[in-house]
There are 2 protein chains.
Amino acid sequence: MTDIMTQFETSPNRYVVASDGVKYAYRKLGKAGTPPLVCLQHFTGTMDSWDPAVIDALAQNRTVVVFDNAGVGASGGQTPDSVEQMAIDAEAFIGALDLGPVDLLGFSLGGFIAQAMAARGKIAVRKIASVGSAPQGGEEHLLEVVTAAFAQNAADVRLPLFFTASERSQAAGRAFVARGAKRTHERDPESGKEISDAQAKAIIRWCADKTTGHALLKRIAQPTLIVHGSDDTMFPVSNAFEMFKAMSNATLIVYPDSAHGALFQYPEMFSAHVDLFLNA
Amino acid sequence: MTDIMTQFETSPNRYVVASDGVKYAYRKLGKAGTPPLVCLQHFTGTMDSWDPAVIDALAQNRTVVVFDNAGVGASGGQTPDSVEQMAIDAEAFIGALDLGPVDLLGFSLGGFIAQAMAARGKIAVRKIASVGSAPQGGEEHLLEVVTAAFAQNAADVRLPLFFTASERSQAAGRAFVARGAKRTHERDPESGKEISDAQAKAIIRWCADKTTGHALLKRIAQPTLIVHGSDDTMFPVSNAFEMFKAMSNATLIVYPDSAHGALFQYPEMFSAHVDLFLNA
């Protein structure tokens with residue numbers, strides 16, 4: 001086992017062709033020896049959308065794998081319009097890398113995918129950290145919030161999307177955007193309309209299904225850390241309370257004065273909380 | 001500044017006479033250099049009711065002060081029947097030790113007192129960790145839950161009071177009770193009916209006042225960590241959600257399969273969370 005201690009900023013793109021025939025792009029860094037943490041990305045996000053401060057901090061104590069799911073960024077294949085197919089694709093990718101049991105970090109849509117993967121039980125998932133996520137049937141305001149954020153013509157649309165209007169949250173947002181911009185080589189292509197349309201459809205369908213009584217969450221036995229921002233406008237914090245109450249083994253953490261990108265606003269605190277949870 | 005690294009189990013009782021004429025008993029351990037953390041105790045609890053695992057862990061990085069409030073344990077004076085008077089008494093004790101700005105750790109009734117102290121603004125409070133607490137007007141089931149717990153004739157009433165019925169929670173409860181029993185010298189006298197009657201009255205009055213619109217919480221600007229057990233029967237977890245929503249700078253953490261004594265069920269995780277919060 002060799003350590004592969006690389007900063008996320010300079011971590012090279014790697015590729016693997018999975019059993020589904022899709023060529024997946026990924027980056028892998030950190031330290032061998034613990035279950036690897038596979039990161040599942042948000043709506044229209046690519047590998048470059050992760051916060052290097054979060055990924056580097058988490059990679060201090062474990063292997064972290066960041067990838068583009070099918071049809072996104074530098075990966076091949078089609079962007080599915082259902083969470084379940086995204087879970088199937090992520091499982092194919094993880095299977096291709098032969099990672100063994102994994103921990104999952106799912107942000108937003110990535111949290112939906114993590115739930116689906118854990119409930120499907122097709123691959124060995126040890127623990128789940130889910131951030132800014134929602135249960136099936138949860139409350140979403142995706143299109144309104146995204147439309148309103150773009151209408152602001154901010155320097156980066158993630159400033160109004162992921163952070164509150166407070167000066168402190170906006171300053172944290174600007175620092176986050178600057179961290180993410182530092183990587184200059186092998187950046188992923190930005191997501192276009194085909195990706196956003198398919199993913200929006202998947203998100204809206206996931207939240208529209210109000211009939212399940214949280215059956216999927218109730219199937220998840222894995223220890224789960226639910227993290228949310230106090231003032232998330234896209235998926236209100238009530239989603240986190242609901243997930244917490246429906247799950248048998250969940251820990252809930254909610255940060256103050258924070259919106260959808262709570263993990264990027266408090267990268268040190270968030271990484272420390274995830275680390276404690278994964279090490280427990 | 002000298003370090004006073006003492007295990008809580010063997011930490012000697014000390015005494016100070018405050019400006020209110022009351023002789024307060026306390027124990028002080030840990031490391032000089034950061035704001036001291038003053039611990040505010042639960043209904044009928046004494047210094048010996050704290051978990052040595054929690055106190056010792058917190059004392060790794062700061063001075064921790066544990067004391068008996070007026071009328072309780074080894075302290076003199078009368079047990080008040082209002083939260084406000086308990087806050088005034090705690091302020092007199094802290095003033096007598098000339099501690100400078102303090103952090104507060106309040107458990108249950110102690111969390112009410114911490115809220116009152118922060119809102120009163122008479123002494124300098126830097127940060128607050130509040131566990132198993134409730135806001136003014138919160139939902140309490142004190143008498144029913146205490147009565148039902150005593151009716152179980154458990155080996156220790158805190159097993160049904162502070163832990164869930166699950167085997168894992170009960171095992172953690174037994175370990176907690178064993179940790180607390182190790183101290184043999186200078187144990188506090190147990191609280192009698194005079195103390196429990198006065199404190200119960202204070203708790204019930206605090207929760208009966210439904211008219212404040214959380215005015216007190218809204219006056220608290222200090223960073224606050226709110227910790228709660230998922231299945232607290234005495235003060236349901238909805239109290240923690242309400243406090244979190246009413247406060248301007250609160251972080252919320254809720255643990256799984258845990259009741260009123262969540263901090264004693266997860267002593268390592270809890271101490272690590274408090275440490276991260278106080279160090280941030």
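Between chain A and chain B, 2 residue pairs are in polar contact, both at pLDDT 80 or more (a polar contact is a pair of N or O atoms within 3.5 Å; within protein, one must be able to donate a hydrogen and the other to accept it, and residues adjacent in sequence count only if both atoms are side-chain atoms). The model is predicted: local features need pLDDT of at least 70, side-chain atom pairs count only at pLDDT 80 or more, and totals for chains, interfaces and linings use all residues. Residues are numbered from 1 along each chain as its sequence is written, chains are lettered from A in the order in which they are written, and side-chain values use heavy atoms, with hydrogens and water left out.

**Interface of chain A and chain B**

- On each side 19 residues take part, 19 of chain A being in contact with 19 of chain B (contact means heavy atoms within 4.5 Å).
- About 1,500 Å² is buried between the two chains, and carbon and sulfur atoms give 76% of that area (buried area is the accessible area, with a 1.4 Å probe, that two parts lose on being put together, summed over both).
- In chain A, the residues that lose the most area to chain B are F241(A), P256(A) and L276(A), together 29% of what that side buries.
- Three elements of chain A, α9 (238-246), β8 (250-255) and α11 (267-279), each supply at least two residues of the side that touches chain B (helices, H or I of at least four residues, and strands, E of at least two, are DSSP runs numbered from the N terminus).
- β8(A) gives the largest share of that side, with 6 residues.

**Symmetry**

- Chain A superposes on chain B by a rotation of 180 degrees with 0.0 Å of shift along the axis, at an RMSD of 0.0 Å (copies are superposed by least squares on the C-alpha atoms of residues with pLDDT of at least 70 in both).
- The two copies are thus related as by a two-fold rotation axis.
- Both copies use the same surface, as 100% of the contact residues of chain A recur in chain B.
- I253(A) is the residue of chain A that comes closest to the rotation axis, its C-alpha lying at 2.3 Å.

**Salt bridges**

- Over all chains the structure holds 26 salt bridges.
- R120(B) and E84(B) form one of them, at 3.3 Å from N to O.
- This pair links distant parts of the chain, with R120(B) in helix α3 (residues 109-120) of chain B and E84(B) in helix α2 (residues 83-97) of chain B, 36 residues apart.
- R120(B) also forms a salt bridge with E91(B), the closest N and O atoms being 2.7 Å apart.
- Because R120(B) lies in helix α3 of chain B and E91(B) in helix α2 of chain B, the pair ties together parts that are 29 residues apart in sequence.
- R120(B) is partly exposed at 25% relative accessible area, E84(B) is partly exposed at 49%, and E91(B) is buried at 8% (buried means under 20% relative accessible area, exposed over 50%, partly exposed in between, with a 1.4 Å probe and protein chains only).
- R183(B) and E186(B) meet in a salt bridge at 3.7 Å, N to O.
- In that pair R183(B) is buried, with a relative accessible area of 4%, while E186(B) is partly exposed at 38%.
- In chain A, a network of salt bridges links R27(A), D48(A), R183(A) and E186(A).

**Nonpolar core**

- The largest nonpolar core has 188 residues, and those with the most contacts inside it are W50(A), L252(A), W50(B) and L252(B) (such a core is a set of buried Ala, Val, Leu, Ile, Met, Phe, Trp, Tyr and Cys residues joined through side-chain atoms within 4.5 Å).

**Histidines in loops**

- H42(A) sits in the loop between β3 (37-40) and α1 (52-58) of chain A, and H42(A) is buried at 7% relative accessible area.
- Not counting residues up to four places away in sequence, H42(A) touches S49(A), F107(A), S108(A), L109(A), G110(A), F162(A) and Q199(A).
- H214(A) has a positive phi, near 60 degrees, in a residue other than glycine.
- The loop between α7 (193-208) and α8 (215-218) of chain A holds H214(A), which is buried at 17% relative accessible area.
- H214(B), not a glycine, likewise has a positive phi of about 60 degrees, and H214(B) is buried at 17% relative accessible area.

Note on methods:
A salt bridge is a side-chain nitrogen of Lys or Arg within 4 Å of a carboxyl oxygen of Asp or Glu.
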